[in-house]
Amino acid sequence: FFFKQKTAYEIVDCDWSSDVCSSDLRHEAQQRFGFPMSFRQHGRRLVAARRRENGKDAGAAAGGLPAVKAGGCQVAARPYYPRATKPMRQFITIATNAFMELVRQPIFLLLMTLASLFIVFLAAVPYFAMGEDGKMVKDSSLATMLMVGLFVAVLSASASVAHEIRTGTALAVLAKPVGRAKFLLAKYCGLAAALVVLTYVNTLATLLASRMAFDAYGEADLFGTGIYFGAVALAYVLAGFTNYFLRRPFVSDAVLFLGIITTIAFVYLAYFVELKRPGATEPGMYRVDYRLLPACVLVLLALLLLAGLALACSTRYDTIPTLIICTGLFLLGLMSDYLFGRAAEAGSWWATICHTVLPNWQLFWLADAIEGTRSHAIPGVWGYVGKATGYVVGYLGASLAVALMLFEDRELS
(Lines give C-alpha, C1' and ligand atoms only; values in the text may rest on other atoms or scores of the structure.)
Protein backbone atom coordinates (compact mmCIF):
# COMPACT_ATOMS: atom_id res chain seq x y z
CA PHE A 1 0.00 0.00 0.00
CA PHE A 2 1.19 3.50 -0.75
CA PHE A 3 0.88 6.61 1.33
CA LYS A 4 -1.67 9.18 0.14
CA GLN A 5 -0.35 11.81 -2.26
CA LYS A 6 0.38 15.03 -0.39
CA THR A 7 -2.09 17.81 -1.22
CA ALA A 8 -1.36 21.53 -1.33
CA TYR A 9 -2.85 22.02 2.14
CA GLU A 10 -0.77 19.36 3.91
CA ILE A 11 1.99 21.55 5.26
CA VAL A 12 3.97 19.61 7.82
CA ASP A 13 7.49 19.79 9.14
CA CYS A 14 8.34 16.30 7.86
CA ASP A 15 7.09 14.97 4.54
CA TRP A 16 7.14 11.58 2.84
CA SER A 17 7.32 11.22 -0.88
CA SER A 18 4.39 9.44 -2.49
CA ASP A 19 6.72 6.79 -3.93
CA VAL A 20 7.80 5.49 -0.50
CA CYS A 21 5.94 2.27 0.29
CA SER A 22 5.07 0.97 3.73
CA SER A 23 7.47 -1.97 3.51
CA ASP A 24 10.39 0.42 3.05
CA LEU A 25 9.33 2.43 6.08
CA ARG A 26 8.99 -0.73 8.19
CA HIS A 27 12.46 -1.83 7.07
CA GLU A 28 13.92 1.55 8.08
CA ALA A 29 12.11 1.39 11.42
CA GLN A 30 13.59 -2.02 12.18
CA GLN A 31 17.05 -0.75 11.32
CA ARG A 32 16.65 2.31 13.55
CA PHE A 33 14.86 0.88 16.57
CA GLY A 34 15.94 -2.76 16.40
CA PHE A 35 12.55 -4.48 16.77
CA PRO A 36 9.42 -4.87 14.61
CA MET A 37 6.39 -2.71 15.31
CA SER A 38 3.03 -1.80 13.82
CA PHE A 39 2.65 0.72 11.02
CA ARG A 40 1.22 3.37 13.35
CA GLN A 41 3.96 2.89 15.92
CA HIS A 42 6.86 3.01 13.50
CA GLY A 43 5.26 5.95 11.72
CA ARG A 44 5.17 7.94 14.94
CA ARG A 45 8.73 6.90 15.83
CA LEU A 46 10.03 7.90 12.40
CA VAL A 47 8.31 11.29 12.48
CA ALA A 48 9.71 11.97 15.95
CA ALA A 49 13.19 10.93 14.83
CA ARG A 50 13.02 13.12 11.76
CA ARG A 51 11.91 16.10 13.84
CA ARG A 52 14.84 15.57 16.22
CA GLU A 53 17.20 15.46 13.25
CA ASN A 54 15.65 18.61 11.83
CA GLY A 55 16.08 20.34 15.16
CA LYS A 56 19.73 19.37 15.39
CA ASP A 57 20.51 20.50 11.85
CA ALA A 58 18.41 23.67 11.94
CA GLY A 59 21.31 25.93 12.78
CA ALA A 60 23.42 24.77 9.84
CA ALA A 61 20.66 23.87 7.38
CA ALA A 62 21.15 26.80 5.03
CA GLY A 63 20.85 24.57 1.99
CA GLY A 64 18.34 22.06 3.40
CA LEU A 65 18.75 18.57 4.89
CA PRO A 66 20.56 15.79 3.09
CA ALA A 67 18.70 12.93 1.45
CA VAL A 68 17.83 9.93 3.64
CA LYS A 69 17.65 6.39 2.32
CA ALA A 70 14.47 4.53 3.24
CA GLY A 71 14.87 0.90 2.18
CA GLY A 72 15.56 1.01 -1.54
CA CYS A 73 14.11 4.48 -2.07
CA GLN A 74 15.84 7.85 -1.86
CA VAL A 75 13.76 10.25 0.24
CA ALA A 76 14.70 13.93 0.22
CA ALA A 77 14.29 15.43 3.68
CA ARG A 78 12.64 18.84 3.66
CA PRO A 79 14.50 21.88 5.05
CA TYR A 80 13.62 23.03 8.53
CA TYR A 81 11.26 26.01 8.90
CA PRO A 82 10.66 27.78 12.19
CA ARG A 83 7.20 27.17 13.60
CA ALA A 84 6.49 30.91 13.66
CA THR A 85 6.32 30.98 9.88
CA LYS A 86 4.10 27.93 9.53
CA PRO A 87 0.72 29.72 10.00
CA MET A 88 1.64 32.33 7.40
CA ARG A 89 2.76 29.65 4.94
CA GLN A 90 -0.52 27.84 5.44
CA PHE A 91 -2.48 31.07 4.89
CA ILE A 92 -0.57 31.91 1.70
CA THR A 93 -0.94 28.38 0.38
CA ILE A 94 -4.71 28.25 0.90
CA ALA A 95 -5.19 31.75 -0.56
CA THR A 96 -3.05 30.96 -3.59
CA ASN A 97 -4.88 27.71 -4.26
CA ALA A 98 -8.24 29.46 -3.87
CA PHE A 99 -7.18 32.10 -6.40
CA MET A 100 -5.92 29.51 -8.90
CA GLU A 101 -9.10 27.44 -8.53
CA LEU A 102 -11.22 30.49 -9.32
CA VAL A 103 -9.28 31.71 -12.36
CA ARG A 104 -9.34 28.15 -13.72
CA GLN A 105 -13.14 28.16 -13.75
CA PRO A 106 -14.42 28.45 -17.35
CA ILE A 107 -17.26 30.72 -16.20
CA PHE A 108 -14.72 33.22 -14.86
CA LEU A 109 -12.92 33.45 -18.21
CA LEU A 110 -16.21 33.57 -20.11
CA LEU A 111 -17.70 36.42 -18.07
CA MET A 112 -14.47 38.43 -18.08
CA THR A 113 -14.09 38.08 -21.85
CA LEU A 114 -17.72 38.87 -22.67
CA ALA A 115 -17.79 41.86 -20.31
CA SER A 116 -14.63 43.45 -21.77
CA LEU A 117 -15.75 42.85 -25.37
CA PHE A 118 -19.23 44.22 -24.66
CA ILE A 119 -17.79 47.36 -23.04
CA VAL A 120 -15.65 48.10 -26.08
CA PHE A 121 -18.58 47.30 -28.36
CA LEU A 122 -20.68 49.92 -26.54
CA ALA A 123 -18.34 52.61 -27.88
CA ALA A 124 -18.93 51.52 -31.49
CA VAL A 125 -22.71 51.95 -31.43
CA PRO A 126 -24.44 55.25 -32.33
CA TYR A 127 -26.88 56.47 -29.66
CA PHE A 128 -28.24 59.78 -31.02
CA ALA A 129 -28.41 60.99 -27.42
CA MET A 130 -28.40 64.75 -28.13
CA GLY A 131 -24.73 65.20 -27.30
CA GLU A 132 -24.73 62.80 -24.32
CA ASP A 133 -23.33 59.83 -26.21
CA GLY A 134 -20.05 59.79 -24.31
CA LYS A 135 -21.81 59.91 -20.95
CA MET A 136 -24.07 57.03 -21.95
CA VAL A 137 -21.05 54.94 -22.92
CA LYS A 138 -19.34 55.63 -19.59
CA ASP A 139 -22.46 54.90 -17.52
CA SER A 140 -23.13 51.68 -19.44
CA SER A 141 -19.51 50.54 -19.09
CA LEU A 142 -19.48 51.06 -15.32
CA ALA A 143 -22.87 49.34 -15.00
CA THR A 144 -21.55 46.36 -16.97
CA MET A 145 -18.53 46.13 -14.67
CA LEU A 146 -20.75 46.17 -11.60
CA MET A 147 -23.31 43.62 -12.80
CA VAL A 148 -20.75 41.15 -14.15
CA GLY A 149 -18.75 41.52 -10.95
CA LEU A 150 -21.91 40.72 -8.96
CA PHE A 151 -22.30 37.35 -10.67
CA VAL A 152 -18.58 36.56 -10.54
CA ALA A 153 -18.38 37.39 -6.82
CA VAL A 154 -21.36 35.18 -5.95
CA LEU A 155 -20.33 32.27 -8.18
CA SER A 156 -16.72 32.45 -7.02
CA ALA A 157 -17.68 32.56 -3.33
CA SER A 158 -19.93 29.54 -3.80
CA ALA A 159 -17.22 27.65 -5.68
CA SER A 160 -14.63 28.56 -3.06
CA VAL A 161 -16.56 27.66 0.10
CA ALA A 162 -19.94 26.02 -0.52
CA HIS A 163 -18.61 23.62 -3.15
CA GLU A 164 -15.68 22.55 -0.96
CA ILE A 165 -18.01 21.97 2.00
CA ARG A 166 -20.33 19.88 -0.16
CA THR A 167 -17.55 17.78 -1.70
CA GLY A 168 -15.67 17.29 1.58
CA THR A 169 -12.53 19.19 0.61
CA ALA A 170 -13.01 21.66 3.46
CA LEU A 171 -13.15 18.79 5.94
CA ALA A 172 -9.85 17.41 4.62
CA VAL A 173 -8.20 20.82 4.97
CA LEU A 174 -9.56 21.51 8.45
CA ALA A 175 -8.48 18.05 9.60
CA LYS A 176 -4.94 19.41 9.37
CA PRO A 177 -3.77 22.00 11.91
CA VAL A 178 -5.64 24.77 10.07
CA GLY A 179 -8.18 26.89 11.95
CA ARG A 180 -11.53 27.79 10.50
CA ALA A 181 -10.82 31.51 10.76
CA LYS A 182 -7.57 31.11 8.81
CA PHE A 183 -9.32 28.97 6.22
CA LEU A 184 -12.14 31.47 5.71
CA LEU A 185 -9.90 34.55 5.57
CA ALA A 186 -7.54 32.85 3.12
CA LYS A 187 -10.48 31.93 0.91
CA TYR A 188 -11.63 35.54 0.92
CA CYS A 189 -8.16 36.79 -0.03
CA GLY A 190 -8.08 34.42 -3.00
CA LEU A 191 -11.56 35.58 -4.01
CA ALA A 192 -10.55 39.24 -3.70
CA ALA A 193 -7.47 38.65 -5.88
CA ALA A 194 -9.66 37.09 -8.59
CA LEU A 195 -12.01 40.10 -8.47
CA VAL A 196 -9.03 42.44 -8.81
CA VAL A 197 -7.97 40.63 -12.01
CA LEU A 198 -11.52 40.84 -13.38
CA THR A 199 -11.84 44.54 -12.56
CA TYR A 200 -8.42 45.32 -14.05
CA VAL A 201 -9.31 43.87 -17.46
CA ASN A 202 -12.72 45.58 -17.45
CA THR A 203 -11.14 48.88 -16.40
CA LEU A 204 -8.85 48.82 -19.43
CA ALA A 205 -11.87 48.18 -21.63
CA THR A 206 -13.79 51.04 -19.96
CA LEU A 207 -10.95 53.51 -20.48
CA LEU A 208 -10.68 52.51 -24.13
CA ALA A 209 -14.44 52.91 -24.51
CA SER A 210 -14.19 56.47 -23.18
CA ARG A 211 -11.63 57.18 -25.89
CA MET A 212 -13.59 55.59 -28.74
CA ALA A 213 -17.03 57.02 -27.87
CA PHE A 214 -18.40 59.39 -30.52
CA ASP A 215 -21.34 61.73 -30.94
CA ALA A 216 -23.77 62.25 -33.82
CA TYR A 217 -21.09 64.10 -35.84
CA GLY A 218 -18.46 61.36 -35.56
CA GLU A 219 -18.08 57.76 -36.57
CA ALA A 220 -17.09 54.53 -34.92
CA ASP A 221 -13.43 53.77 -34.28
CA LEU A 222 -13.35 50.50 -36.15
CA PHE A 223 -9.55 50.38 -36.05
CA GLY A 224 -9.41 50.53 -32.24
CA THR A 225 -12.27 48.06 -31.91
CA GLY A 226 -10.51 45.65 -34.25
CA ILE A 227 -7.24 45.98 -32.34
CA TYR A 228 -8.92 45.15 -29.02
CA PHE A 229 -10.93 42.25 -30.40
CA GLY A 230 -7.78 40.95 -32.09
CA ALA A 231 -5.88 41.17 -28.79
CA VAL A 232 -8.53 39.04 -27.09
CA ALA A 233 -8.40 36.50 -29.93
CA LEU A 234 -4.60 36.40 -29.72
CA ALA A 235 -4.79 35.68 -25.98
CA TYR A 236 -7.00 32.68 -26.68
CA VAL A 237 -4.68 31.45 -29.44
CA LEU A 238 -1.65 31.63 -27.16
CA ALA A 239 -3.51 29.83 -24.39
CA GLY A 240 -4.45 27.09 -26.86
CA PHE A 241 -0.81 26.86 -27.95
CA THR A 242 0.46 26.40 -24.38
CA ASN A 243 -2.32 23.91 -23.67
CA TYR A 244 -1.56 21.78 -26.72
CA PHE A 245 2.23 21.84 -26.73
CA LEU A 246 3.13 22.48 -23.08
CA ARG A 247 0.16 20.71 -21.45
CA ARG A 248 -0.68 23.76 -19.37
CA PRO A 249 -4.26 24.54 -18.22
CA PHE A 250 -6.07 26.52 -20.89
CA VAL A 251 -8.33 28.72 -18.75
CA SER A 252 -5.70 30.11 -16.36
CA ASP A 253 -3.28 30.75 -19.22
CA ALA A 254 -6.04 32.50 -21.17
CA VAL A 255 -6.71 34.78 -18.17
CA LEU A 256 -2.99 35.55 -17.91
CA PHE A 257 -2.55 36.29 -21.62
CA LEU A 258 -5.78 38.30 -21.67
CA GLY A 259 -4.49 40.60 -18.94
CA ILE A 260 -1.08 41.05 -20.58
CA ILE A 261 -2.16 41.48 -24.21
CA THR A 262 -5.10 43.81 -23.45
CA THR A 263 -2.67 45.97 -21.46
CA ILE A 264 -0.39 46.17 -24.50
CA ALA A 265 -3.37 46.99 -26.74
CA PHE A 266 -4.49 49.73 -24.35
CA VAL A 267 -1.02 51.34 -24.22
CA TYR A 268 -0.76 51.22 -28.01
CA LEU A 269 -4.18 52.76 -28.66
CA ALA A 270 -4.02 55.33 -25.86
CA TYR A 271 -0.48 56.65 -26.41
CA PHE A 272 0.64 55.74 -29.94
CA VAL A 273 -2.50 56.12 -32.04
CA GLU A 274 -3.99 59.58 -32.38
CA LEU A 275 -7.70 59.53 -33.08
CA LYS A 276 -8.93 62.56 -35.04
CA ARG A 277 -12.46 63.02 -36.26
CA PRO A 278 -14.22 65.97 -37.85
CA GLY A 279 -16.81 67.80 -35.82
CA ALA A 280 -15.45 67.17 -32.33
CA THR A 281 -17.73 68.99 -29.91
CA GLU A 282 -15.23 69.21 -27.04
CA PRO A 283 -11.45 69.49 -26.77
CA GLY A 284 -9.72 66.18 -26.16
CA MET A 285 -12.93 64.33 -26.89
CA TYR A 286 -11.21 61.34 -28.42
CA ARG A 287 -8.72 60.75 -25.64
CA VAL A 288 -8.85 58.49 -22.62
CA ASP A 289 -10.96 59.94 -19.82
CA TYR A 290 -8.89 59.11 -16.76
CA ARG A 291 -11.58 60.50 -14.49
CA LEU A 292 -13.07 57.03 -14.77
CA LEU A 293 -10.22 55.57 -12.71
CA PRO A 294 -11.66 56.51 -9.29
CA ALA A 295 -15.08 55.34 -10.50
CA CYS A 296 -13.60 51.94 -11.39
CA VAL A 297 -11.84 51.75 -8.01
CA LEU A 298 -15.17 52.37 -6.28
CA VAL A 299 -16.76 49.60 -8.35
CA LEU A 300 -13.97 47.28 -7.18
CA LEU A 301 -14.64 48.25 -3.55
CA ALA A 302 -18.32 47.47 -4.04
CA LEU A 303 -17.43 44.05 -5.46
CA LEU A 304 -15.12 43.31 -2.52
CA LEU A 305 -17.91 44.21 -0.12
CA LEU A 306 -20.37 42.04 -2.01
CA ALA A 307 -17.85 39.18 -2.01
CA GLY A 308 -17.73 39.30 1.80
CA LEU A 309 -21.52 39.04 1.96
CA ALA A 310 -21.51 36.18 -0.57
CA LEU A 311 -18.83 34.36 1.43
CA ALA A 312 -20.94 34.64 4.58
CA CYS A 313 -23.95 33.18 2.74
CA SER A 314 -21.83 30.42 1.20
CA THR A 315 -20.97 29.03 4.62
CA ARG A 316 -24.60 27.89 4.95
CA TYR A 317 -26.18 27.89 1.50
CA ASP A 318 -25.39 26.66 -1.99
CA THR A 319 -24.99 28.72 -5.17
CA ILE A 320 -28.62 29.51 -6.05
CA PRO A 321 -29.74 30.60 -2.52
CA THR A 322 -26.56 32.67 -2.20
CA LEU A 323 -27.26 34.38 -5.52
CA ILE A 324 -30.85 35.15 -4.48
CA ILE A 325 -29.83 36.56 -1.09
CA CYS A 326 -27.03 38.69 -2.54
CA THR A 327 -29.31 40.01 -5.30
CA GLY A 328 -31.88 40.96 -2.69
CA LEU A 329 -29.24 42.74 -0.58
CA PHE A 330 -28.00 44.52 -3.68
CA LEU A 331 -31.48 45.79 -4.64
CA LEU A 332 -32.36 46.79 -1.08
CA GLY A 333 -29.02 48.61 -0.76
CA LEU A 334 -29.72 50.55 -3.94
CA MET A 335 -33.11 51.65 -2.58
CA SER A 336 -32.10 52.08 1.07
CA ASP A 337 -32.11 55.89 0.90
CA TYR A 338 -35.64 55.86 -0.50
CA LEU A 339 -37.00 53.08 1.71
CA PHE A 340 -35.34 53.87 5.04
CA GLY A 341 -33.44 57.15 4.68
CA ARG A 342 -36.38 59.50 5.19
CA ALA A 343 -37.81 57.52 8.08
CA ALA A 344 -34.35 57.35 9.69
CA GLU A 345 -34.01 61.14 9.47
CA ALA A 346 -37.44 61.44 11.09
CA GLY A 347 -36.18 59.47 14.11
CA SER A 348 -37.58 55.99 13.44
CA TRP A 349 -35.41 53.44 15.26
CA TRP A 350 -36.21 50.50 12.96
CA ALA A 351 -35.48 52.58 9.86
CA THR A 352 -32.17 53.70 11.39
CA ILE A 353 -31.15 50.09 12.02
CA CYS A 354 -32.12 48.97 8.50
CA HIS A 355 -30.39 51.97 6.91
CA THR A 356 -27.24 51.25 8.89
CA VAL A 357 -27.13 47.49 8.39
CA LEU A 358 -27.83 47.48 4.65
CA PRO A 359 -24.85 48.45 2.46
CA ASN A 360 -25.48 51.71 0.62
CA TRP A 361 -24.36 50.94 -2.93
CA GLN A 362 -25.02 54.51 -4.05
CA LEU A 363 -21.83 55.51 -2.25
CA PHE A 364 -19.83 53.57 -4.84
CA TRP A 365 -21.49 55.04 -7.93
CA LEU A 366 -19.42 57.97 -9.22
CA ALA A 367 -20.70 58.07 -12.79
CA ASP A 368 -23.09 60.95 -12.11
CA ALA A 369 -20.16 63.15 -11.03
CA ILE A 370 -18.27 62.60 -14.31
CA GLU A 371 -19.78 65.45 -16.28
CA GLY A 372 -18.48 68.08 -18.67
CA THR A 373 -15.27 67.79 -20.61
CA ARG A 374 -12.21 65.82 -19.65
CA SER A 375 -10.55 69.00 -18.39
CA HIS A 376 -13.16 69.33 -15.63
CA ALA A 377 -11.58 67.49 -12.73
CA ILE A 378 -13.68 66.14 -9.86
CA PRO A 379 -12.57 68.00 -6.70
CA GLY A 380 -11.59 65.81 -3.75
CA VAL A 381 -12.34 62.57 -5.57
CA TRP A 382 -9.48 60.53 -4.14
CA GLY A 383 -10.30 61.70 -0.64
CA TYR A 384 -13.80 60.39 -1.22
CA VAL A 385 -12.33 57.08 -2.41
CA GLY A 386 -10.32 56.91 0.81
CA LYS A 387 -13.46 57.40 2.91
CA ALA A 388 -15.26 54.74 0.88
CA THR A 389 -12.33 52.40 1.52
CA GLY A 390 -12.71 52.93 5.25
CA TYR A 391 -16.42 52.16 4.96
CA VAL A 392 -15.66 48.94 3.07
CA VAL A 393 -13.03 47.85 5.61
CA GLY A 394 -15.44 48.32 8.50
CA TYR A 395 -18.33 46.59 6.75
CA LEU A 396 -16.07 43.77 5.58
CA GLY A 397 -14.87 43.20 9.13
CA ALA A 398 -18.47 42.82 10.29
CA SER A 399 -19.37 40.57 7.32
CA LEU A 400 -16.40 38.26 7.84
CA ALA A 401 -17.09 38.12 11.58
CA VAL A 402 -20.65 36.97 10.83
CA ALA A 403 -19.28 34.49 8.28
CA LEU A 404 -16.92 33.06 10.89
CA MET A 405 -19.74 32.73 13.42
CA LEU A 406 -21.83 30.84 10.87
CA PHE A 407 -18.88 28.67 9.86
CA GLU A 408 -17.66 27.80 13.37
CA ASP A 409 -20.63 25.63 14.26
CA ARG A 410 -21.19 24.31 10.74
CA GLU A 411 -21.03 20.54 10.73
CA LEU A 412 -18.78 19.30 7.96
CA SER A 413 -19.23 15.86 6.49
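In which helix does Val267 lie? Val267 belongs to helix α9, and the points below start from there.

1. Basis. This is a predicted model, in which local features need pLDDT of at least 70 and side-chain atom pairs count only at pLDDT 80 or more, while totals for chains, interfaces and linings use all residues. Residues are numbered from 1 along each chain as its sequence is written, and side-chain values use heavy atoms, with hydrogens and water left out.

2. Surface patch. Phe223, Val267, Tyr268, Tyr271, Phe272, Tyr290, Leu293 and Trp382 make up a nonpolar surface patch, together exposing about 860 Å² of accessible area. Areas come from the Shrake-Rupley method with a 1.4 Å probe, and for residues only the protein chains shown count as cover. Helix α9 (residues 250-271) gives the most to this patch, with 3 residues. Helices are DSSP runs (H or I, at least four residues), numbered from the N terminus.

3. Lys182. Lys182 sits in helix α7 (residues 180-212). Leaving aside residues up to four places away in sequence, Lys182 touches Pro87, Gln90 and Phe91; contact means heavy atoms within 4.5 Å.

Terms used:
Patch = residues over 30% accessible without salt bridge, like charges linked within 9 Å, V, L, I, M, F, W, Y side chains within 5 Å. Salt bridge = Lys/Arg side-chain N within 4 Å of Asp/Glu carboxyl O. Helix = DSSP H or I, 4+ residues; strand = E, 2+ residues; numbered from the N terminus.
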